[in-house]
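I opened this one to look up its charge pairs, a helix and some strand pairing. My entries follow below.

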Amino acid sequence: MERYKIIREIGDGTCGNVFMAYNVETNEIVAVKKMKRKFFQWEECVSLREVKALQKLIHPNIVKLKEVTMENHELFFIFEHMECNLYDVIRERQVAFSEGDIRNFMVQILQGLAYMHNNGYFHRDLKPENLLVTNGIVKIADFGLAREVSSSPPYTDYVSTRWYRAPEVLLQSSAYTPAIDMWAVGAILAELFTLSPLFPGESETDQLYKICTVLGTPDCTVWPEGMNLPRSSSFKFFQIPPRNLWEFIPNASLEAIDLIQRLCSWDPRRRPTAEQALQHPFFNVCNWVPRPVHDASHTKTNEPKAHPKLELNLWDFSTEPDDCFLDLTLSLKPSFPGTGNSTILRI
């Protein structure tokens, strides 16, 4: 670590502290994550899931691990430096993002996630704080809870920050899938529109209640498997009908509302994969689609009128051969276009 000069602390997490630093040999700015636990064998360092995942996952939308070094039983990860995280961007925002800005963020998140899932890992802790941003580039970070898709259950139920935790995890499923990452993506997408979390629960029970106030209380027709999970009896405490997402996200387009609804499906099997989500019409329209005229909550805009072309998209996310459904989405496209012994792993 003598090659790195600490500038200041930029983060404090459960497993480690993160510092901005620079390489005294190259003057490169980096991020240094110092793990809180002590390590006594190099083998236990390189066998960490976070190290194994980041050695394998090399993608423009996944933060780059540059090296791992151990000194005096302390473990350090050296990462590329990013300016801030998406939480900071949202918190400092004074006006709503344009849908184009949101689409740009989401494309990058989903591309990184699709690559991760296709290469055998799911993140399990997606949230705005773990999405790093520099000059509009978004990268997924903090793989401390990442797990191999092929690993065998049971899985721990204490994963992901509560506001972005999928209902199957809240209900203590021991065999959840990468679909938990897709639920988090849906919650993040909604937050980018409203600049506030969609499901801000204060406890696990309150988290379920907050979800029900938006999506309605599920039953056997909505989520059969969910009714048999260990904590499914919680639903007896609140029976709430579903609400229209427009009430919570009034500035979102029809396509955005549809994508959020699909990603935040009670049944994880009905959520699109990252690859499927990238094919959603939300990413294939050039202009905002207005609500129907009869919608009283519609806000008029001063945007110039365009001569639209009508495009009909056939959209099918079902992965079950006996449970297919077909949705029709009508979109409008405008016609215009330190000291001591040290060991280093270079990556």
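**Salt bridges**

D206 and K210 sit four residues apart in helix α7, so about one helical turn separates them. Helices here are DSSP runs of H or I with at least four residues, strands are runs of E with at least two, and both are numbered from the N terminus. The side chains of D206 and K210 meet in a salt bridge at 2.8 Å, N to O; I took that term as a side-chain nitrogen of Lys or Arg within 4 Å of a carboxyl oxygen of Asp or Glu. D206 counts as buried at 18% relative accessibility, while K210 is partly exposed at 21%. My cut-offs were under 20% relative accessible area for buried, over 50% for exposed and partly exposed in between, with a 1.4 Å probe and protein chains only. Salt bridges that share partners also join K33, E50 and D142 into one network.

A note on what I am looking at: this is a predicted model, with local features needing pLDDT of at least 70, side-chain atom pairs counting only at pLDDT 80 or more, and totals for chains, interfaces and linings using all residues. Residues are numbered from 1 along each chain as its sequence is written, and side-chain values use heavy atoms, leaving out hydrogens and water.

I counted 19 salt bridges by the rule above. Next I checked R165, which pairs with E204, the closest N and O atoms being 2.7 Å apart. R165 lies in the loop between β10 (147–148) and α5 (167–170) and E204 in α7 (residues 204–215), so the pair ties together parts 39 residues apart in sequence. R165 is buried at 5% relative accessibility; E204 is partly exposed at 26%.

R271 bridges to E168, with closest N and O atoms 2.8 Å apart. The pair ties together parts 103 residues apart in sequence, because R271 is in the loop between α8 (254–263) and α9 (274–278) and E168 is in α5. Both R271 and E168 are buried.

**Helix α4**

I checked the length of α4 (residues 99–118): its 20 residues should span 28 Å at 1.5 Å a residue, and the end C-alpha atoms are 28 Å apart, which agrees. The expected span is 1.5 Å times one less than the number of residues. Just after α4, G120 has a positive phi of about 95 degrees.

How is β2 joined to β1 (residues 4–12)? They run antiparallel, with seven bridges; pairing requires at least two DSSP bridges. R8 stands opposite M20 in β2, and three residues lie between the two strands of this hairpin.

β2 also pairs antiparallel with β3 (residues 29–35) over seven bridges, with G16 opposite M35. That hairpin has five residues between its strands, and N27 in the turn has a positive phi of about 65 degrees. Six of the eight residues of β2 (residues 16–23) are buried.
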